[in-house]
Each structure stands twice: as C-alpha cells, then as structure tokens.
Amino acid sequence: MKHLQTPLSSEDIASLTAGEQVFIDGIIYTARDAAHKRMIENLNCGKPLPIDIRDQIIFYMGPCPAAPGEIIGPAGPTTSHRMDAYTPQLLARGLKGMIGKGNRTEAVIEAIKQKKAVYFSCVGGTGSLCADHIQAVEIIAYDDLGTEAIRKLRVKDFPVIVAIDAKGNNIYQKGIKKYRNYTNGGQDYE
C-alpha cells in the first residue's frame, strides 16, 4: 500500500499501478454533475475556474447531511461516467486525479494516458468509511448547488484503489477479461 500527499506529483502518478491500494493525505475537492457542467460552461465563456485544479484530485461526491457533532455526513462516490463529457477538458487544464466509481469512456481513458493522470475508485456503499477519513470541510464554490457545491476536503489516510493508471491499465477491463477466462475453462478472450 502506498501513501500519497496532495497535490499530486508526476513521479507519484508514474509510480501507480492499476489495482494498487492507496491512501491519500492532504486536500481534495468535490464536484459532481452540476458543478462540472457549470465549470465547463464558465470555461467556454472565458471565465476562470473557481479553483486551481492543477495537480489536484476531484472526488465525485455530494455528501449526505451531517449528524449532530459531525463535520460531514456519509461521503461515498457517485458514478463517474456522469462527468465523462467534461473530464478531458479539465485534464487538459492540469487536473491529475479523480475519485469515483465505475469505468470511464475510451475518450477519458485516452485523456488520462495523454495527460499522465490517474483515476481512483472507491467502492459504492462506503460513504461512512470515506467520511471517517475527512478531517475538515469547506464549501468554496457554487453554494447554490447544495450538496453538489464544490467542497474543499482535508483528508487523512483516505482509502482508494488505482482503477486506471497513467498508462491506461484499467481494473475494469482486466476484471472482465479475467472473469471470461475463468468461466471459459482458461480460454482467453479479448
């Protein structure tokens, strides 16, 4: 298991391999569908992004309400493909990491490879576990979006798996191939 500190360095990203478990320390940002749409609309109108995303990680998450005495409610990942139309443009602006669940489109995988970025996955249903590793929360943009506002999170030992590494190795594709090979008595399929 590896520990990474944000912001991500090119060396850190190059050292990661699909399937590897990683713990993240530092600052990560949250943004979901509505925030991504607004960020891209702003870029298309010549406006700046509300945060500097260079070398940063965006976690595709909108938290549940916090219980009394808690800083955040369950904070599990949302399905990443909802952000796929926007992701290549953000990677081109320096975004280096994303956290979500589920596979990505070929266009996003190609952008990850081209920009030497990384896609991390959290297992769905882990919202309470994720929340346990969040030490501080601050809404920093698009407050009117409610749960989909952009948040700055300070995390410690935040658990993720490298789903797609900078070379394009992909646990989702490997898993399908491995399953097919297993269920077909060792006959390998592409």
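Is R32 buried or exposed? At a relative accessibility of 18%, R32 falls in the buried class, where buried stands for under 20% relative accessible area, exposed for over 50%, and partly exposed for what lies in between (1.4 Å probe, protein chains only). This is a predicted model, so local features need a pLDDT of at least 70 and side-chain atom pairs count only at pLDDT 80 or more, while totals for chains, interfaces and linings use all residues. Residues are numbered from 1 along each chain as its sequence is written, and side-chain values use heavy atoms, with hydrogens and water left out.

R32 also takes part in a salt bridge, pairing with D33 at 3.9 Å from N to O. For the term to apply, a side-chain nitrogen of Lys or Arg has to be within 4 Å of a carboxyl oxygen of Asp or Glu. Across the whole structure, a search turns up nine salt bridges.

Another of these bridges joins K37 to E41, with 3.8 Å between the closest N and O atoms. Both residues belong to helix α2 (residues 33–44), where they are four residues apart, or about one turn of the helix. Helices here are DSSP runs of H or I with at least four residues, strands are runs of E with at least two, and both are numbered from the N terminus. K37 is partly exposed at 44% relative accessibility, and E41 is partly exposed too, at 40%. In the bridge between R54 and D52, the closest N and O atoms are 2.6 Å apart. R54 is exposed, at 52% relative accessible area, whereas D52 counts as partly exposed at 42%.

Now for the rings. The structure has one aromatic pair, a label for rings of Phe, Tyr and Trp (its six-membered ring) whose centres lie within 6.5 Å; planes under 30 degrees apart are stacked, over 60 edge-to-face, and the rest tilted. The pair is made by F59 and F158, and it is edge-to-face, with 5.3 Å from centre to centre and 70° between the planes. It ties together distant parts of the chain, as F59 sits in strand β3 (residues 57–59) and F158 in strand β7 (residues 150–164), 99 residues apart. Both F59 and F158 are buried.

Charges meet rings as well. The charged end of R38 is placed over the ring of Y142, 4.9 Å from the centre. R104 lies over the face of Y119, 4.8 Å from the ring centre. A charge sits over a ring if NZ of Lys or CZ of Arg is within 6 Å of the ring centre and within 35 degrees of the ring normal.

Next comes helix α4 (residues 106–115), whose buried residues are V108, I109, A111 and I112. They span an arc of only 160° around the axis, which puts them on the same side of α4; the arc is taken from the directions from the helix axis to the C-beta atoms. After α4 comes K116, with a positive phi near 55°.

I112 turns up again in the largest nonpolar core, which has 28 residues; M39, I58, L90, I112 and I150 touch the most other members. Such a core is a set of buried Ala, Val, Leu, Ile, Met, Phe, Trp, Tyr and Cys residues joined through side-chain atoms within 4.5 Å. At least two residues of this core come from each of α2, α3 (87–92), α4 and β7. There is also a second, separate core of 25 residues, with I24, I28, A131 and V155 among them. Not counting residues up to four places away in sequence, I112 touches several residues, including L91, M98, Y119 and I164; contact means heavy atoms within 4.5 Å.

Finally, the loop between α2 and β3 holds P50. P50 is partly exposed, at 34% relative accessibility. P50 touches M39, A141, Y142 and I150, with residues up to four places away in sequence not counted. Although P50 and I140 are 90 residues apart in sequence, their C-alpha atoms are 7.9 Å apart in space. Q56 is placed in the loop between α2 and β3, and is buried at 13% relative accessibility. Leaving aside neighbours within four places in sequence, Q56 is in contact with P7, I27, Y29, G94, L95, K96 and G97.
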